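Thank you all for coming.

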Amino acid sequence: SEDRLCPSCSPKSQALCERPADHRAFHVWKCRYCCRPSSRVCYGTVHFCDGCHDQNTERVRRQQRGGGGTGGGAPPLEAIPCAGESCRYPKPDGQDMHMNGASHRCEQVYYCAACRSAPPGQASTEATGSRNFIVNPSGEQGLRGWRQLNRQMSWQVEQSEVPVSGSTQSNFVSSFQWCVMAQSVPMHYLVNNPSEVRIEVSAKFMGRTDCPSVFRMEAIVLDAQRREIYRMSTQPLDAPADFWERSSLIIEPVQGAHDVVMIVYGKDQRFWQGNFGSKVTECSVRVLCPEDELVSVLREEGDNRQAEIHAQAHNLYRWLWGHAFDILIPLVLIIFAYVMSD
């Protein structure tokens, strides 16, 4: 039945997308239990927005605390009815409101971002938009620009065994524990109004033929006080062994957006000593819009240079803060030894 099909094979995605298998990461699905765009996929084919996902998580926790197990008959998640004509999201053909609830019939693809950005009659594998705002996206400059969040296990850089493209010859590689690194992009220096733009966070990843590995990517939107106001992530993805697979997150406009943080996770699944985990390259944060709108969306080039300096300074600050004890303790010991020698 249709509810057992993967999202790419679903008739709902094929009806709105010219290349559903290639464009799967660009499909914007409706939350099954309300009308908002989804940000998560659970149980294989159930799309959730953040709010409904949090409610379902709490429902499952209560069920487990009550000893019901996975089949204990917990109350179903309550759907939010569609507002009908006043609902601003696209309706299914021939209907004046959305179906919201537990049934797979409540699933709907709103649009394919890749097809929407392509010229008529031509399918695009990458939506049009701005340049990449990430500093050092493929490890060409070592780990510059990236903040390592796991101090025990860091991403490393290697030359790519499988070519990525003519201009990309290197990649980051993980190890046997979760390697996690992040980079903050100051959208307020790059874009005239960060609250009004669609943002794509993407990367290419792969693994090795002799050691299975997993990859995950996360995007966080911060406000002017650097408080988290939106979070979106992929599920842990099995890394392909013989080709680079592209994964992307599409962030619809978020009110109060100021900065975007890209976080990438990777590790192997056999706990091998060394760097045998998933690899990542061409990390990217871009604004998605037609080319003729870029002039009005982006700030001047001088502001872009200021944004790069700001990002480097912020990442350096976070690195120094995270390694404060590593730096201060030897310094204190040296001073103490010097004082005692006198």
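Predicted model: local features only at pLDDT ≥ 70, side-chain atom pairs only at ≥ 80, totals over all residues.

Let me begin with strand E9 (residues 198-206), which is joined by eight bridges to strand E15 (residues 279-288), the two running antiparallel; strands here are DSSP runs of type E with at least two residues, helices are runs of H or I with at least four, both numbered from the N terminus, and two strands count as paired if DSSP finds at least two bridges between them. Within this pairing, Phe205 has Val280 of E15 as its bridge partner. Eight of the nine residues of E9 are buried, where buried means under 20% relative accessible area, exposed means over 50%, and partly exposed lies in between, with a 1.4 Å probe and protein chains only.

Residues are numbered from 1 along each chain as its sequence is written, and side-chain values use heavy atoms, with hydrogens and water left out. The pLDDT, the predictor's confidence in each residue from 0 to 100, averages 83 over the chain, and 79% of the residues score at least 70. Over residues 119-124, however, pLDDT stays under 50.

Which residues have the most contacts inside the largest nonpolar core? They are Met187, Val201 and Met262, in a core of 39 residues; such a core is a set of buried Ala, Val, Leu, Ile, Met, Phe, Trp, Tyr and Cys residues joined through side-chain atoms within 4.5 Å. Among the elements that give two or more residues to this core are E9, E13 and E15, along with strand E14 (259-268). Apart from it lies another core, of nine residues, including Tyr33 and Phe48.

Staying with E14, Ile263 lies in that strand and is buried, with a relative accessible area of 7%. Ile263 and Gln183 are 80 residues apart in sequence, yet their C-alpha atoms are 6.7 Å apart in space. Leaving aside residues up to four places away in sequence, Ile263 touches several others, among them Leu149, Val180 and Met217, a contact being heavy atoms within 4.5 Å.

Finally, let me turn to charged pairs. The structure holds 14 salt bridges, each defined as a side-chain nitrogen of Lys or Arg within 4 Å of a carboxyl oxygen of Asp or Glu. One of them joins Glu252 to Arg198, with the closest N and O atoms 3.3 Å apart. Glu252 lies in the loop between E13 and E14 and Arg198 in strand E9, so this pair ties together parts that are 54 residues apart in sequence. Arg198 is buried, at 17% relative accessible area, whereas Glu252 is partly exposed at 23%.

Another salt bridge, at 3.1 Å from N to O, is formed by the side chains of Glu158 and Lys279. Because Glu158 lies in strand E6 (residues 156-159) and Lys279 in E15, the pair ties together parts that are 121 residues apart in sequence.
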